[in-house]
Amino acid sequence: MRTRTLTLAAASGAALLATAVLPTSASGAAAPKSPQEGTVSAADLLAKVTSCSQISNGKYKTDDETSATVPVCGKNGAVFWKADMDIDCDGQVTGKCNGDTDPWFQDDTAFHQSDGKPLRADSLPYVVVPSASSIWKYSSSGIKGGGVVAVIYNNKVEYAVVGDTGPTKIIGEASYATANALGIDPNPETGGADSGVTYILFKNSQVSPIESHSAAVSLGQSLAKQFIQNN
């Protein structure tokens, strides 16, 4: 739920380059828990999103100071976009996600756990969608809180849920846990990926409870198979 600036990204460019070549332990991030979730390959999913039928009324920026270049695209049973990944550490206060580790930290998320608490960014893979605007209204496309998302990076697939909303003009953000699982530096201030991340959001899906990652993986794999068959 933050607004990142390109200025900060540029200022930390050297740090990004350094962490990219350091061992995972040296960058302070935990090792990714899995190289691949489910049996549907990244290649099979990416083969279905090579072209874009734009459904958004315009395009999104990936950061405050970049040009708007990212459309939301429509497919049978899903919407998708290709962008960067900024790190969302919002939600429950933890050792990894708090006001000291994240300059943009907010102690809430747009969608909540079954017990009413905010989501936990450092343990739950979730994706941030842009708040509703004249560019695109996610709910009009059948996307809802707890919806399943296949996040693809570096030939790996991680299943996540729609867990938070962000700025109306910026796209490309996911939780600390999502990044960590994909081998992306999850540091909310200096981490993330500049490009190469594909987000496939399955329409009219919902994980219950939203905090169950195993449920997201199970449903996600099923929906990914349907997506490949129907496109």
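**View 1. C73 is buried, at a relative accessible area of 3%, and is joined to C52 by a disulfide with an S to S distance of 2.0 Å.** The model is predicted, with local features requiring pLDDT of at least 70 and side-chain atom pairs pLDDT 80 or more, whereas totals for chains, interfaces and linings use all residues. Residues are numbered from 1 along each chain as its sequence is written, and side-chain values use heavy atoms, without hydrogens and water. Buried denotes under 20% relative accessible area, exposed over 50%, and partly exposed the range in between (1.4 Å probe, protein chains only); a disulfide is a pair of cysteine sulfur atoms within 2.5 Å. The C52 and C73 link is left-handed, with -100° about the S-S bond. Because C52 lies in the loop between α4 and β1 (73-75) and C73 in strand β1, the pair ties together parts 21 residues apart in sequence. Helices (H or I, at least four residues) and strands (E, at least two) are DSSP runs, numbered from the N terminus.

**View 2. C89 and C97 form a disulfide, with sulfur atoms 1.9 Å apart.** The torsion about its S-S bond is about -65°, so this disulfide is left-handed. C89 is buried at 0% relative accessible area, and C97 is buried at 1%.

**View 3. The largest nonpolar core comprises 59 residues.** Such a core is a set of buried Ala, Val, Leu, Ile, Met, Phe, Trp, Tyr and Cys residues joined through side-chain atoms within 4.5 Å. W81, M85, Y199 and I200 have the most contacts inside it. Strand β2 gives the most to this core, with 7 residues.
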